[in-house]
Amino acid sequence: MATHPRPQTLAIIGFGNFGQFLAKTFVRQGHRVLGQSRSDYSTAAKELGAEYFKTADEVLDQNPDVVILCTSIMSLKTVMKKFPLQRLEDCLVVDVCSVKEYPRDLMMEMLPPSADILCTHPMFGPESGKHSWKDLPFVYDVVRVCNEERQKVVDDFVLIWELEQCSMVPMTSKEHDSFAASTQFITHTTGRMLAGLNLTSTPIDTKGYESLLGVIDTTIKDSFDLYYGLYRYNYNSKSEIQRLEDSLRDLRMKLEEEERNDQDQ
């Protein structure tokens with residue numbers, strides 16, 4: 001198990017399931033982990049070896065090196081509006097949302113000019129990363145670093161994921177969302193469309209059909225709020241739905257044209 005050569009003080013704002021999942025690895029690497037959330041997770045934090053605080057001000061009194069916004073994309077703006085953002089001067093602020101342009105724009109707009117910004121998307125969670133983070137994708141976009149000294153804090157935070165042998169993917173937020181719309185969002189949309197057909201296993205399932213059932217099973221495990229967040233906050237999602245509708249329409253037109261040609265013979 002990797003130990004970080006320069007442990008940091010990491011504040012996780014939003015200490016729910018995913019926040020605790022991250023905290024477990026952060027603690028194991030030797031970091032001091034501070035948790036804060038609307039609900040009381042003090043018992044869970046203690047079991048993980050982290051510290052828990054009731055308010056954001058109490059967390060910031062501990063002078064964290066990094067503040068990680070670990071909230072859903074749906075609640076990010078509300079959380080930031082209630083947060084003492086003025087106290088984040090000279091601090092690295094990180095988000096872990098599955099959409100990137102929206103939180104980037106929000107942080108650029110709302111954070112103090114001296115706050116550093118790192119947008120990230122760990123493309124795994126408590127299930128897929130249960131035993132190891134090795135080879136799992138970690139996408140990151142260094143949006144703003146105010147001086148050379150602060151760059152060391154960014155590098156040390158990125159090192160956390162390198163030590164866990166993640167597949168490191170430096171990428172702009174715009175590129176991420178473009179790719180995500182045609183991969184992640186389309187996968188979720190397809191899975192939910194198929195789920196609406198109430199498809200079930202049969203005695204004559206093909207491998208392809210089994211794969212489709214697997215897509216359904218994977219996507220419906222996630223909440224509809226998560227799916228809506230991908231739609232609402234990824235600027236590319238609406239065009240992807242239009243492309244999907246156009247493709248289905250074109251496919252049906254081809255089938256009907258073939259049928260007409262058969263009837264004319």
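**View A. Inside the largest cavity.** About 30 Å³ of space lies in the largest cavity, and the structure holds one cavity of 30 Å³ or more. This is a predicted model, where local features need pLDDT of at least 70, side-chain atom pairs count only at pLDDT 80 or more, and totals for chains, interfaces and linings use all residues. Residues are numbered from 1 along each chain as its sequence is written, and side-chain values use heavy atoms, with hydrogens and water left out. A cavity here is a set of points, on a 1 Å grid over the protein atoms alone, where a 1.4 Å probe fits but cannot get out; lining residues have an atom within 4 Å of a point. Grid points are joined across faces, edges and corners, and a volume is the space filled by probe spheres set on the points. Lining this one are S98, V99, A180, A181, Q184, F185, L230, N234 and S237. Helix α7 supplies the largest share, four residues. By class, the lining has five nonpolar, four polar and no charged residues (Ala, Val, Leu, Ile, Met, Phe, Trp, Tyr, Cys and Pro count as nonpolar, Asp, Glu, Lys and Arg as charged, and the others, Gly among them, as polar).

**View B. Where α7 meets α8.** Helices α7 (residues 173-195) and α8 (residues 207-220) pack at about 105°, with axes 8 Å apart. That angle makes α7 roughly perpendicular to α8 (the range for this is 65 to 115 degrees). Axes are lines fitted to C-alpha atoms over the stretch in contact, and angles run from 0 to 180 degrees between N-to-C directions. On the α7 side, T187, H188, G191, R192, L194 and A195 touch L212, V215, I216, T219 and I220 of α8 (contact means heavy atoms within 4.5 Å).

View C. Of its 19 lining residues, K24, T25, G129, K130 and W133 lie nearest the centre. Helix α1 (residues 17-28) gives the most, with six.

**View D. Strand β7 and its partners.** Strands β6 (residues 116-122) and β7 (residues 137-144) run antiparallel, joined by six bridges; L118 pairs with V142 of β7. Strand β8 (residues 167-170) runs parallel to β7, with four bridges, and F138 has M168 as its bridge partner in β8. Pairing takes at least two DSSP bridges; helices (H or I, at least four residues) and strands (E, at least two) are DSSP runs, numbered from the N terminus.

Notes. Parallel < 35°, antiparallel > 145°, perpendicular 65-115°, else oblique. 1 Å grid on protein atoms, 1.4 Å probe; cavity = no way out; pocket = protein on both sides within 12 Å on 5 of 7 lines; lining within 4 Å.
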